[in-house]
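Colleague: I am new to this structure and would like to go through it by question and answer. Please show it before we start.

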Amino acid sequence: MAIERRLLRSAIALALALGATPSIGQAYRSAAPVRDPIQASYVVMGADNMATARVITEASSCPALLIDGVAMAMSIRSTPGTVALRPTLSTAENSKASVFNVLTCEAVIARGARRISVAGHRLPAPPRLVRRIVVIGDTGCRMKASDNAFQACNDAQAFPFARIAQRAAAAKPDLILHVGDYHYRENPCPAGNTGCAGSPWGYGWDAWQADFFTPARPLLAAAPLIVVRGNHENCARAGQGWWRFLDPSPLQPRRDCNDPANDHFGDDTPPYAVALGHDTQVIVLDLANAGSKPLAADDALVPVYQDSYRRMAALAKGAAHNFVANHKPILGVGVAGKSGTLAGGNAAIQSAFASLNPRLFPDGVDVLLSGHIHLWEQLSFASDHPSQFVAGFSGTEEDKVPLPSRLPVRFSPAPGAVVGPFSSWVDGFGYMTMDRLGSGRWKVRVWNLADKVVNTCMLTGRKSHCRYDQVPAATP
């Protein structure tokens, strides 16, 4: 009898949360498992530390948000529908229209809120002081026909993002920083490939759900998100879902990536800052559409990136210490193709920034946090450049060619950048944590799938050094 009473109370509570007023008889009849229409609930951080609760639901209307015992209405961010097929980076035979058969709802969370829930789902409250950050990146399962690259999405060993999300959630972070590339299931799994057989594909909700929102569920419940846009979320790829689900700024018609004529708007979100408390903040840059070559002086992206630089410089004055988060590493090191040739940082962004500042970054920028390269790495510099961390190792198939244990003597990722301590880890998937030690001081740890620390770094201002650092034998 006690079990029946508990089932009855649960059924009534769920019905009330969904806006229904059942009779006792209806409640008894519905005591059997009821499908929860809410597919995802989470909090994203935006400009001026504005925290926004988001809900993705199969219901026809938005549920009420409960903040510290007070109910408030959520507004509609995007409605269900099928978006007409637009040109993408995929070929016609590997493309289809994007189906978004869900409603996305949102509401701004008042500052100081502590208890937040929606239809029985607890949401993480924005922290007053950030002591621990989890950094992840490149989390989706690669299915790309043009590269004949089909990751075994059905294998938890080959695609371990769900395990990483559970491990990282258990670390009890105050914030989660995702450095981009959430969606990789672009094209259909080939016939006979059991590793990805049955996987959804394309740019609609089903692929977004499988690639990010389902495996990330424990992490989304653990802490609010700072989201960085990756090149896989540009308009010519999964930009429609990026704007519906993740970007913290308001969804505007010309920025929804539905019409390719407006991609220059849809591929650009102005920089914004999220305060971490005391004297540190994260500045988010949307530069994911940058190519790999220097920009010509008349390239349309030059004024766009220069505007981003100026906004970044203005924002950086708001804190003594700044982390800049963008997807493509501006001062990182990667391997070009299968040749093993080392490639420096992003030349397109460098060329636009250098025209305003030969040092590339304004005073106050201490750290660069990026993804895109499918491994973990750290670079500190003998020159006056910020430390670069890359955390693109959280689920997407890893890079085939590892970085060398020691960089060549005169290697530089950017003109004038003199490499000091360098460290990398390319032997598996994982996540990164950053723990505050004091003003401008953080302890960085790299965790593998077994939840073991594989590297530890100390960050002080612009300088960083790790347990397994390698330092060039001589400077240029």
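Colleague: By class, how many nonpolar, polar and charged residues are in the lining of the second largest pocket?

Modeller: Keep in mind that this is a predicted model. The second largest pocket has a volume of about 240 Å³. Of the 19 residues that line the second largest pocket, those closest to its centre are N49, R111, P126, P127 and R128. Sorted by class, the lining of this pocket has 13 nonpolar, three polar and three charged residues.

Colleague: Where does N49 lie, and is N49 buried or partly exposed?

Modeller: The phi angle of N49 is near 60°, a positive value in a residue other than glycine. N49 sits in the loop between β1 (38–45) and β2.

Colleague: Which strand gives the largest share of the lining of the largest pocket?

Modeller: The largest pocket holds about 1000 Å³ of space. Of the 34 residues that line the largest pocket, R142, V335, G337, H372 and D399 are the closest to its centre. By class, this lining has 11 nonpolar, 12 polar and 11 charged residues. The largest share of the lining, three residues, comes from residues 334–336, which form strand β19.

Colleague: Which residues does M434 touch, not counting residues up to four places away in sequence?

Modeller: M434 is among the residues of the largest nonpolar core that touch the most other members. With residues up to four places away in sequence left out, M434 touches R131, R132, I133, V135, F323, L369, W442, K443, V444 and L459.

Colleague: How many residues are in the second, separate core?

Modeller: I136, M143, W243 and W447 are included in this second core. The second core is separate, and its number of residues is 47.

Colleague: Is S308 buried or exposed?

Modeller: S308 is found in helix α8 (residues 301–316). Not counting residues up to four places away in sequence, S308 touches P271, L285 and L287. The relative accessible area of S308 is 3%, and the cut-off is under 20%, so S308 is buried.

Colleague: How many residues apart are D267 and R229, the pair that links distant parts of the chain?

Modeller: The side chains of D267 and R229 meet in a salt bridge (3.4 Å, N to O). D267 lies in the loop between α7 (263–266) and β16 (272–275), and R229 in the loop between β15 (225–227) and α6 (239–246). D267 is buried, with a relative accessible area of 12%, and R229 is buried as well, at 2%.

Colleague: Which strands does the pair of D435 and R445 tie together?

Modeller: D435 forms a salt bridge with R445, and the closest N and O atoms are 2.9 Å apart. D435 counts as buried at 11% relative accessibility, and R445 counts as buried at 16%. D435 lies in residues 430–438 and R445 in residues 441–448, so the pair ties together strands β25 and β26.

Colleague: What separates the C-alpha atoms of E58 and V102?

Modeller: E58 lies in the loop between β2 (51–57) and β3 (64–67). Leaving aside neighbours within four places in sequence, E58 is in contact with R35, P37, Q39 and V102. E58 and V102 are 44 residues apart along the chain, and their C-alpha atoms are separated by 5.0 Å.

Conventions. Residues are numbered from 1 along each chain as its sequence is written. This is a predicted model: local features need pLDDT of at least 70, side-chain atom pairs count only at pLDDT 80 or more; totals for chains, interfaces and linings use all residues. Side-chain values use heavy atoms; hydrogens and water are left out. On a 1 Å grid over the protein atoms alone, a cavity is a set of points where a 1.4 Å probe fits but cannot get out, and a pocket is an open set with protein on both sides within 12 Å along at least five of seven lines; lining residues have an atom within 4 Å of a point. Grid points are joined across faces, edges and corners, and a volume is the space filled by probe spheres set on the points. Helices (H or I, at least four residues) and strands (E, at least two) are DSSP runs, numbered from the N terminus. Ala, Val, Leu, Ile, Met, Phe, Trp, Tyr, Cys and Pro count as nonpolar, Asp, Glu, Lys and Arg as charged, and the others, Gly among them, as polar. Buried means under 20% relative accessible area, exposed over 50%, partly exposed in between (1.4 Å probe, protein chains only). Contact means heavy atoms within 4.5 Å. A nonpolar core is a set of buried Ala, Val, Leu, Ile, Met, Phe, Trp, Tyr and Cys residues joined through side-chain atoms within 4.5 Å. A salt bridge is a side-chain nitrogen of Lys or Arg within 4 Å of a carboxyl oxygen of Asp or Glu.
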